[in-house]
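User: Hi! Could you walk me through this one? I'm new to reading structures.
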Amino acid sequence: ELSPDGKLLATLSSRSATVWNTATGEPLYRFFFDVPAWPGYRRGLAFSPDSKRLACGPTSEHIFVWDLASGKELRRFTTEFEMFGYSFLRFSKDGAALIVESNDVLSWLNVETGATIRRLPHGRIKQLSPDERTFLIVKESKQQVLIGDTMTGKITHTLPIAAMFGDGEHGVLFLPDGVTLAVVCHVGYCH
């Protein structure tokens, strides 16, 4: 995970996270997790928008938030166990909340208090727009990208995607303008 300012790179293993200086290639911080390792599963990493905090998900059940200046753990969140969990983890645009998908529910978690601010039970969300008003879900079996409103939870648009050789791996991404989408298929083609 590259920090928003481009100065830091974070890597994740089952027992620790390391933050590297991108200019020198030297490690700056290493954070160890006091939870049992879960082979093969990592929820992921996310830097806060100001690059001062790092969220780490070494298992499906645990998320740690670290302050990079002090090296201290700020908050620990516990989520429900997921055997084959899907990962969505990022900070809100103001950095006050951590946005996490767990068991098909997207939650905004307050980093300071640990409270759940809001929940969106809509399935495996692949992306949020930069302004956090729009979500995207890829339905591989139906060859569709669903676009929805995060405030109402309603699907506002359905885009067809076509793959030549059946279901492949699909990726979606909002471009910096927050409106244009890039859709990629691993097998076949998409349009």
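Analyst: Happy to! A term first: two strands pair if DSSP finds at least two bridges between them. Keep in mind that this is a predicted model.

User: Which residue in S5 is the bridge partner of leucine 45?
Analyst: That's cysteine 56.

User: What order do the strands of the sheet have?
Analyst: The order is S4-S5-S6-S7, in an open sheet of four strands with antiparallel pairing. At the edges are strand S4 (44-47) and S7, each pairing on one side only. Neighbouring strands here are turned by 15° against each other on average, ignoring direction.

User: New topic: where does serine 70 lie?
Analyst: Serine 70 is in the loop that runs between strand S6 (62-67) and strand S7 (73-78).

User: What lies 3.2 Å from a polar atom of its side chain, I mean serine 70's?
Analyst: The backbone nitrogen of lysine 72.

User: And the second largest pocket, what volume does it have?
Analyst: About 260 Å³. Its lining has 15 residues, and Glu1, Pro4, Phe47, Ser48 and Arg90 lie nearest the centre.

User: Which strands each supply at least two residues of that lining?
Analyst: S4 and strand S8 (89-91) do. By class, the lining of this pocket has nine nonpolar, three polar and three charged residues.

Terms used
Residues are numbered from 1 along each chain as its sequence is written. This is a predicted model: local features need pLDDT of at least 70, side-chain atom pairs count only at pLDDT 80 or more; totals for chains, interfaces and linings use all residues. Side-chain values use heavy atoms; hydrogens and water are left out. A polar contact is a pair of N or O atoms within 3.5 Å; within protein, one must be able to donate a hydrogen and the other to accept it, and residues adjacent in sequence count only if both atoms are side-chain atoms. Axes are lines fitted to C-alpha atoms, for helices over the stretch in contact, and angles run from 0 to 180 degrees between N-to-C directions. On a 1 Å grid over the protein atoms alone, a cavity is a set of points where a 1.4 Å probe fits but cannot get out, and a pocket is an open set with protein on both sides within 12 Å along at least five of seven lines; lining residues have an atom within 4 Å of a point. Grid points are joined across faces, edges and corners, and a volume is the space filled by probe spheres set on the points. Ala, Val, Leu, Ile, Met, Phe, Trp, Tyr, Cys and Pro count as nonpolar, Asp, Glu, Lys and Arg as charged, and the others, Gly among them, as polar.
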